[in-house]
Amino acid sequence: MHARRVRPRRAASGPRRAPSARPQLARAGADLFEIGLAHHDACLDGPVIQAAYRRALSRGNVLARALRAVEHAAGLRPTVVMTYWGPVRRHGPERLARLLADAGAAGAMVIDLPDDQSERWQAAAKDANLSTPRLVPRHLADIGLATVAAGASGWLYAPASTGPTGYRGPLDVPALADFTTRLRAVSPLPVVSGVGISTPALAERAAPLVDAVVIGTPVVRALMTAPGQAPALTAAFAHALNPYATTETRA
């Protein structure tokens with residue numbers, strides 16, 4: 001059996017109450033935090049994540065705020081950073097990898113990593129002791145899957161939907177099952193899914209197919225509009241993924 005984990009994703013500089021929410025999210029069942037480094041052209045994200053990024057960008061000092069968020073989150077749970085190539089290019093792959101590692105990040109996923117920059121980013125991350133999860137587009141042929149997987153460490157991210165983050169339509173579960181089977185044929189890395197897993201019921205359906213699930217937009221939406229509801233929502237996802245596990249953190 002694969003371990004089922006809920007990994008709430010958040011923009012690094014979100015609502016002012018967000019930092020105090022992290023301990024509650026951890027106690028509610030989050031095994032890992034994913035911190036988003038805000039970018040003005042978040043083309044693979046939907047309106048909720050984009051709005052969180054705009055809020056972060058409007059407050060300025062985005063990298064400094066993100067590093068503080070990583071440091072705080074990493075004190076609670078293992079933490080990875082999700083970003084686009086734009087911020088990596090702007091700050092420099094080697095410098096950014098080191099800053100993220102020094103803040104306590106365990107890994108960083110560049111979701112639109114250009115093919116011609118892959119080796120440089122992998123080398124920078126390896127030197128900083130960061131894992132490099134990779135988002136894998138479902139349309140790739142098997143040889144393309146193998147190429148992407150060869151440059152990944154930590155895990156492979158298999159989107160449950162071909163839409164942007166925040167997609168709330170039906171999921172093609174057989175298609176996700178086929179995709180994860182193809183990924184496991186080319187790599188021994190764990191397979192993680194997200195994008196479109198918008199309810200605990202959908203998380204429960206996806207759970208048998210993957211090793212972990214990233215819950216992004218639902219948690220970010222709650223943090224932006226009703227922060228007090230975010231822990232209960234996280235607990236509901238955690239229970240769907242781990243129906244027999246406690247959601248309390250024990251000392």
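**Notes on the cavities and pocket**

1. Strand S3 contributes 3 residues to the lining of the second largest cavity, the largest share. Strands here are DSSP runs of E with at least two residues, helices are runs of H or I with at least four, and both are numbered from the N terminus. A cavity is a set of points on a 1 Å grid over the protein atoms alone where a 1.4 Å probe fits but cannot get out, and lining residues have an atom within 4 Å of a point.

2. A word on the basis: this is a predicted model, where local features need pLDDT of at least 70, side-chain atom pairs count only at pLDDT 80 or more, and totals for chains, interfaces and linings use all residues. Residues are numbered from 1 along each chain as its sequence is written, and side-chain values use heavy atoms, with hydrogens and water left out.

3. Staying with the second largest cavity, about 30 Å³ of space lies there; a volume is the space filled by probe spheres set on the points, which are joined across faces, edges and corners. Strands S3 (79-83) and S4 (107-110) each supply at least two lining residues. The lining consists of Glu34, Val80, Val81, Met82, Ala108, Met109, Pro133 and Trp155. By class that gives 7 nonpolar, no polar and 1 charged, where Ala, Val, Leu, Ile, Met, Phe, Trp, Tyr, Cys and Pro count as nonpolar, Asp, Glu, Lys and Arg as charged, and the others, Gly among them, as polar.

4. The count comes to 2 cavities of 30 Å³ or more. The largest cavity holds about 140 Å³, and of its 17 lining residues Val195, Gly196, Gly216, Thr217 and Pro218 are the closest to its centre. Helix H10 (217-225) and strand S8 (212-215) each supply at least two residues of this lining, and H10 gives the most, with 3. The classes are 7 nonpolar, 7 polar and 3 charged.

5. Do look at the largest pocket too, with a volume of about 410 Å³. A pocket is an open set with protein on both sides within 12 Å along at least five of seven lines. Its lining has 23 residues, with Leu44, Leu135, Pro159, Thr162 and Gly163 nearest the centre, and divides into 14 nonpolar, 5 polar and 4 charged.
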